[in-house]
Amino acid sequence: MDADAGGVPATVRLAFAPEARLLGTIRLVVGVVARKAGMGEEGIEDLKVAVSETCAVAVGDLNRAGLPDQIEVDLVEAPDRFGIEVRDRAPAASAGPEGAAGGEVDDRELGLALIGALVDDLKTSTLEGGGNRTSFWLRRGPQGLGPIPGVDLPSPLT
Amino acid sequence: MDLDLNVHKEGDHSVLEVAGEIDVYTAPKLREQLIELVSDGSYHIVVDLEKVDFLDSTGLGVLVGGLKRVRNHDGSLQLVCTQEKILKIFRITGLTKVFPIHSSVADAISAPVE
């Protein structure tokens, strides 16, 4: 990871084609690496949701732009926390014409809300030359707890 | 991991058992199943999430879409879930106030329609 992670080098670096079918594989690897790093089960699940949501946005943006560029995922093991950084070369992020759920609800907003609630230090920025960088950390707690036990958001039905 | 769907009738209710991971890749399969149920006249649906290993925002969106569809027919969509990791997703997004969530299919079926 770069500056956002305080210069801590990646423990594991993944790169995958922008295909939604690969998100399960990414979650699997994140789960294994985080478990070996000593994260608790709840923290592991939070990380899997956060990385999957982040990568799903990148996959969608790259697909809409017609770009085959790989998405890079850094997994960073630090003494007191576990970090993830996702980088993609998609143009400026934008919602699809109907949203990922076929216009039923803005699940991009739901996804961002989930990420923000589940992890610490969520940062997003643009990459030099185009693209997006999203990074976040999760502290190691007794049970790998995330930062917020529950945040009520406006109902998508209202 | 793929998504497995199984539907059976219990009285006036259609019970949709979901097993596997619901994400942006698999959610369209769930959406199509819910659309098909409503198109076939099933307006009281119980979605059993007990065998779901992963749920993301796309899956939430599909369930909200299903709820909107059955409500258009004065129907109901109820969930069955006792897994904390899945319930947490509903709590964070405020959807525990939108979906009736039960601990068993029997409880969901016997619950009064809101």
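Chain B comprises 4 helices and 5 strands. Read from the N terminus, these elements follow the order β-β-α-β-α-β-α-β-α. The radius of gyration of chain B is 13 Å, close to the 13 Å given by the globule rule for 114 residues, so the chain is as compact as a globular protein of that length. Along the principal axes, the C-alpha atoms of chain B occupy a box of roughly 30 × 25 × 20 Å.

The structure is a predicted model, with an ipTM of 0.92 and a pTM of 0.87. For chain B, the mean pLDDT is 96, and 98% of the residues reach 70 or more.

Burial and contacts were examined next. Of the 114 residues of chain B, 52% count as buried.

Helix α2 of chain B spans residues 57-71, a run of 15 residues. From its first C-alpha to its last, α2(B) reaches 21 Å, close to the 21 Å expected at 1.5 Å a residue. This helix is mostly covered, as 13 of its 15 residues are buried.

Gly94(B) is located in the loop between α3 (84-92) and β5 (101-102) of chain B. Gly94(B) is classed as partly exposed because 19 other C-beta atoms lie within 10 Å, whereas a buried residue requires 20 or more. Gly94(B) and Gly11(B) stand 83 residues apart along the chain, and a distance of 30 Å separates their C-alpha atoms.

Terms used: Residues are numbered from 1 along each chain as its sequence is written. Chains are lettered from A and ligands numbered from 1 in the order in which they are written. This is a predicted model: local features need pLDDT of at least 70, side-chain atom pairs count only at pLDDT 80 or more; totals for chains, interfaces and linings use all residues. Helices (H or I, at least four residues) and strands (E, at least two) are DSSP runs, numbered from the N terminus. A residue is buried if 20 or more other C-beta atoms lie within 10 Å of its own, exposed if 12 or fewer, and partly exposed in between; C-beta atoms are placed from the backbone. pLDDT is the predictor's confidence in each residue, from 0 to 100. The expected span of a helix is 1.5 Å times one less than its number of residues. The radius of gyration is taken over C-alpha atoms; the globule rule is 2.2 Å times the number of residues to the power 0.38.
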